[in-house]
Every structure is written in C-alpha cells, then in structure tokens.
Amino acid sequence: MRPPGKARGGEYCRGYADDERMNMTLGTRSRRPTVVTALAVANGIVFLLWMALPFQVMAGHFLVSWDHLAAGRFWVLLTAVFSHNLLFHLLINMIVLLSFGPQLEA
C-alpha cells in the first residue's frame, strides 16, 4: 500500500488537502465573490421593493416597454433584469447565480 500523496514510481501526487493549504496561504480560498453577492442582494432588494412600493412607481422604472423607451427611460433595459414576479422565480435565479457566479467571478 502506498502512503497518501505518493503515486506509483515515487512521483508526488498533489491531493485536495494540498490544494486547500496552498489556497489558504495565497489567500484565494477565503475571497468572497463580491460581484455575485452584490447582484444577489440587489435582486432581493428589488423584489422587496415590488411588494412595498406602488405598482406604477416600480413599473415606471423596472419594466421594459416601448413607451418607456420612447420617453427616454433607457435604464429600464438594465433595471428590468432585477425584477422577479414570484418568490420561486427569484429563488431559482439566485440558486443558479450563487452556483455558477463565483466560478465566473474568480
């Protein structure tokens, strides 16, 4: 039986524990994905705003329509991304964002 970390022929085989130690010393393992976290928080805040503020106020700034674009409200093309109509919709999107986002941000 070979000792842990030893491959056949005597060459060293780095394992998961070695990667963890290396990442901890370089500081890469403890870095939190700040952009992903900010996007998740922004989505949650906008979802709460949809419940708290009048519909007309939120629709004027967070829904895309030809009328809004003709009026020069081009920001709705960006802000509509943060709008979720159901809690389930928000949760599924945040699960996917938090699953794939940190790898993309790294």
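**A nonpolar surface patch and the buried interior**

A: Leu 86, Phe 88, Ile 92, Ile 95, Val 96, Phe 100 and Leu 104 form a nonpolar patch on the surface, and together they have about 780 Å² of accessible area. Patch members must have over 30% relative accessible area and no salt bridge, with nonpolar side chains (Val, Leu, Ile, Met, Phe, Trp, Tyr) joined within 5 Å and like charges within 9 Å; a salt bridge is a side-chain nitrogen of Lys or Arg within 4 Å of a carboxyl oxygen of Asp or Glu. Areas come from the Shrake-Rupley method with a 1.4 Å probe, and for residues only the protein chains shown count as cover. This is a predicted model, in which local features need pLDDT of at least 70 and side-chain atom pairs count only at pLDDT 80 or more, while totals for chains, interfaces and linings use all residues. Residues are numbered from 1 along each chain as its sequence is written, and side-chain values use heavy atoms, leaving out hydrogens and water.

Phe 88 counts as exposed because its relative accessibility is 60%, where exposed means over 50%, buried under 20% and partly exposed in between.

Leaving out residues up to four places away in sequence, Phe 62 touches Val 46, Trp 50, Val 76, Thr 79, Ala 80 and Ser 83, a contact being heavy atoms within 4.5 Å. In α3, Met 58, Ala 59, Gly 60 and Phe 62 are buried, and their cover includes α2, α4 and α5 (76-79).

His 68, in helix α4 (residues 66-70), is buried because its relative accessible area is 15%. Beyond its neighbours within four places in sequence, His 68 is in contact with Ala 59, Gly 60, Leu 63, Arg 73 and Val 76.

Over the whole protein chain there are six helices and zero strands, and 23% of the 106 residues are buried.

Key. Buried means under 20% relative accessible area, exposed over 50%, partly exposed in between (1.4 Å probe, protein chains only). Helices (H or I, at least four residues) and strands (E, at least two) are DSSP runs, numbered from the N terminus.
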